[in-house]
Amino acid sequence: MEMSVAYPTVEEVLQSIGISPKKVYYQLSVPELIEDSIKENMVYLSDRGACVVDTGQFTGRAPKDRFIVRDELTAESVDWGSVNIPLEPEHFDHLLEDMKEFIKEKEVYVRDAYAGADPKYRRRVRFINTYPWHNLFVHHLFIRPRREELKIFEPDWYVIALPNFKAVPERHGVPHENFVVINFSRRMVIIGGTAYAGEIKKSIFSVMNFVLPYKDNVLSMHCSANTDKAGNVALFFGLSGTGKTTLSSDPERLLIGDDEHGWTEDGVFNIEGGCYAKSINLDPEKEPVIYKAIRFGTILENVKFFPGTRTVNYADASKTENTRAAYPLYYLDDSYVPSGMGDHPKDIFFLTYDAYGILPPIARLTEEQAMYYFLLGYTSKVAGTEMGVKEPQPSFSGCFGAPFMPLPHTVYAEMLGERIGKHNVRVWLVNTGLTGGPYGVGKRMSLPHTRRLVRAAMKGELDNVPYTTLPIFNLRIPEHVPGVPDEILNPRNTWANPEEYDRMARQLAKMFIEHFQKNYADKVNDSILAGGPVL
């Protein structure tokens with residue numbers, strides 16, 4: 001006779017790690033979470049049924065308040081510095097102890113989910129939230145287990161997010177009341193003092209950026225991915241504002257994922273189960289895939305309604321430029337890959353917003369240049385986006401995602417280079433920023449032109465066309481692409497004063513060289529150094 005197995009309840013599992021809340025709501029449905037959010041006055045419904053929320057003081061991540069516990073596992077493996085800030089184990093213990101006490105009189109929302117679409121490499125994560133809309137965010141952004149999988153779900157990791165719990169710097173060893181702490185040995189993330197949901201998403205990305213390369217020999221990447229119906233995959237690396245989500249959400253292709261992926265011996269897989277797209281100036285004609293996903297249950301962060309209506313004014317940046325839409329991939333109907341997995345990529349695109357108007361709209365990179373620009377992670381900050389920024393400023397984020405990379409950048413770069421060579425991947429640099437001059441003079445690259453260039457590259461239309469070389473940067477740029485004016489392909493031709501272009505090009509190249517020399521010159525071989533500009 002077969003014996004039945006008595007699985008522990010979620011309450012019992014929480015008690016086993018010392019958490020005893022007043023009440024536990026487990027794996028609630030989307031409508032139930034929305035109802036509870038409305039009861040708590042945390043959500044207003046838009047005319048499309050989206051959940052409009054205000055994240056309070058924090059409208060973005062606070063990277064200086066994100067810490068990694070330094071212990072035997074991490075002491076020699078993590079790339080410590082201004083990004084990966086250490087916290088001693090005793091301070092983590094004090095934080096966790098006080099969070100457990102705080103939660104005793106609270107109702108919590110618990111959700112089990114996967115990080116990683118590939119069953120061989122996924123991690124099981126149990127999320128504990130005091131905000132119901134945060135639990136809805138987790139439902140949207142992570143991979144939802146099937147009912148039968150939940151019966152035997154044993155978490156690899158815990159994430160505890162308590163926005164109303166505030167740290168005491170003197171006791172907890174952190175500088176402010178808000179914090180994100182990752183403990184790789186205890187396999188736990190604790191978050192407090194901030195309601196910005198992106199901290200939940202990016203904390204698990206940071207976890208995967210450690211465990212996948214370190215333990216599984218899988219390259220983790222801050223990139224979006226899509227494919228055509230024949231299975232030809234493309235990856236899009238880029239920092240915020242460069243068009244990563246917009247370009248990968250292509251009506252002509254199927255989305256694999258918009259932000260986080262792993263690359264294995266078999267191909268690529270999405271780490272997430274949803275999208276977290278910027279919604280500022282969202283346009284149904286330019287971004288139809290994202291716009292269609294704004295429906296019942298979609299979370300819209302920090303947007304504003306037109307006065308007297310429940311219609312969202314996507315152009316309103318009065319709260320923040322960093323307005324966001326969070327939705328599950330299945331909101332894309334038939335425009336995504338349900339498995340979250342794809343073949344090895346045929347093309348990789350490095351996206352940059354160049355506010356100096358120097359870089360070309362597209363250039364094909366050599367393998368050495370690919371390594372150089374991957375480590376460089378260049379984009380621009382422009383006037384008005386931050387206090388004190390009066391003219392364009394270069395911004396460098398190694399691997400196009402430095403805030404989330406616990407290991408040395410060269411670890412990810414070496415893995416990427418090996419895969420590019422092995423699978424003969426075409427690599428492209430795409431400037432989605434300015435043309436015809438620097439900020440204040442030039443204009444933004446046309447999105448239709450950028451889409452056409454990217455599609456031409458993916459279809460192989462640029463494989464056998466004539467190329468010319470851009471001086472200083474030694475970038476190979478096509479001389480002709482159907483559907484795109486020839487004159488915009490070489491950026492020097494778009495400036496009214498070519499000599500001024502040359503001066504600014506030397507200035508930008510000097511910034512590249514100085515940054516690379518400071519951060520990577522003693523960590524990479526000469527061939528990668530040769531992939532950069534030459535003065």
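The model is predicted, so local features need pLDDT of at least 70 and side-chain atom pairs count only at pLDDT 80 or more, while totals for chains, interfaces and linings use all residues. Residues are numbered from 1 along each chain as its sequence is written, and side-chain values use heavy atoms, with hydrogens and water left out.

**Exercise 1. Describe how helix α4 and helix α7 cross, and state which residues make the contact.**

Step 1. Two packed helices are described by the angle between their axes and the distance between the axes. Helices (H or I, at least four residues) and strands (E, at least two) are DSSP runs, numbered from the N terminus. Axes are lines fitted to C-alpha atoms, for helices over the stretch in contact, and angles run from 0 to 180 degrees between N-to-C directions.

Step 2. The axes of α4 (residues 132–141) and α7 (residues 198–216) come within 10 Å, with a crossing angle of roughly 45°. Angles under 35 degrees count as roughly parallel, over 145 as roughly antiparallel, 65 to 115 as roughly perpendicular and the rest as oblique. The helices α4 and α7 are therefore oblique to each other.

Step 3. The crossing of α4 and α7 is right-handed; this term applies if the near helix is turned clockwise from the far one by less than a right angle, and left-handed applies if anticlockwise.

Step 4. On α4, the contact (heavy atoms within 4.5 Å) is made by H134, F137, V138 and L141, and on α7 by G198, I200 and K201. By class, this contact has four nonpolar, two polar and one charged residues. Here Ala, Val, Leu, Ile, Met, Phe, Trp, Tyr, Cys and Pro count as nonpolar, Asp, Glu, Lys and Arg as charged, and the others, Gly among them, as polar.

**Exercise 2. Determine how far α4 and α10 are buried.**

Step 1. Buried means under 20% relative accessible area, exposed over 50%, and partly exposed in between (1.4 Å probe, protein chains only).

Step 2. In α4, ten of the ten residues are buried, so this helix is largely enclosed by the rest of the structure. Among them are W133, H134, F137 and L141.

Step 3. Helix α10 (residues 367–376) is mostly covered, as eight of its ten residues are buried. Those in question are Q369, A370, M371, Y372, Y373, F374, L375 and L376. Just after α10, G377 takes a positive phi of about 55°.

**Exercise 3. Describe the packing of α10 with α11.**

Step 1. The axes of α10 and α11 (residues 409–423) come within 10 Å and cross at roughly 150°. The two helices are therefore roughly antiparallel to each other, and their crossing is right-handed.

Step 2. From α10, the residues E367, A370, M371, F374 and L375 meet H409, T410, Y412, A413, L416, G417, I420 and G421 of α11. These residues divide into eight nonpolar, four polar and one charged.

**Exercise 4. Characterise the surroundings of S248.**

Step 1. S248 belongs to helix α8 (residues 244–248). At 1% relative accessibility, S248 counts as buried.

Step 2. A polar atom of the S248 side chain lies 2.8 Å from the backbone oxygen of K244. The S248 side chain also reaches the backbone oxygen of T245 at 3.2 Å.

Step 3. Not counting residues up to four places away in sequence, S248 touches S224, N226, F236, L255 and D258.

**Exercise 5. Is K64 buried or exposed, and which residues does K64 touch?**

Step 1. K64 is found in the loop between β3 (51–53) and β4 (66–69). At 53% relative accessibility, K64 counts as exposed.

Step 2. Residues up to four places away in sequence are not counted; K64 then touches S82 and I85. The C-alpha atoms of K64 and I85 are separated by 7.8 Å, and these residues are 21 residues apart along the chain.

**Exercise 6. Locate I472 and R506, and state their accessibility.**

Step 1. I472 is found in the loop between β29 (467–470) and β30 (475–478). At 19% relative accessibility, I472 counts as buried. Its phi is near 70°, a positive value in a residue other than glycine.

Step 2. R506 lies in helix α13 (residues 498–519). At 43% relative accessibility, R506 counts as partly exposed.

Step 3. R506 touches I472 and L535, not counting residues up to four places away in sequence.

Technical notes:
A polar contact is a pair of N or O atoms within 3.5 Å; within protein, one must be able to donate a hydrogen and the other to accept it, and residues adjacent in sequence count only if both atoms are side-chain atoms.
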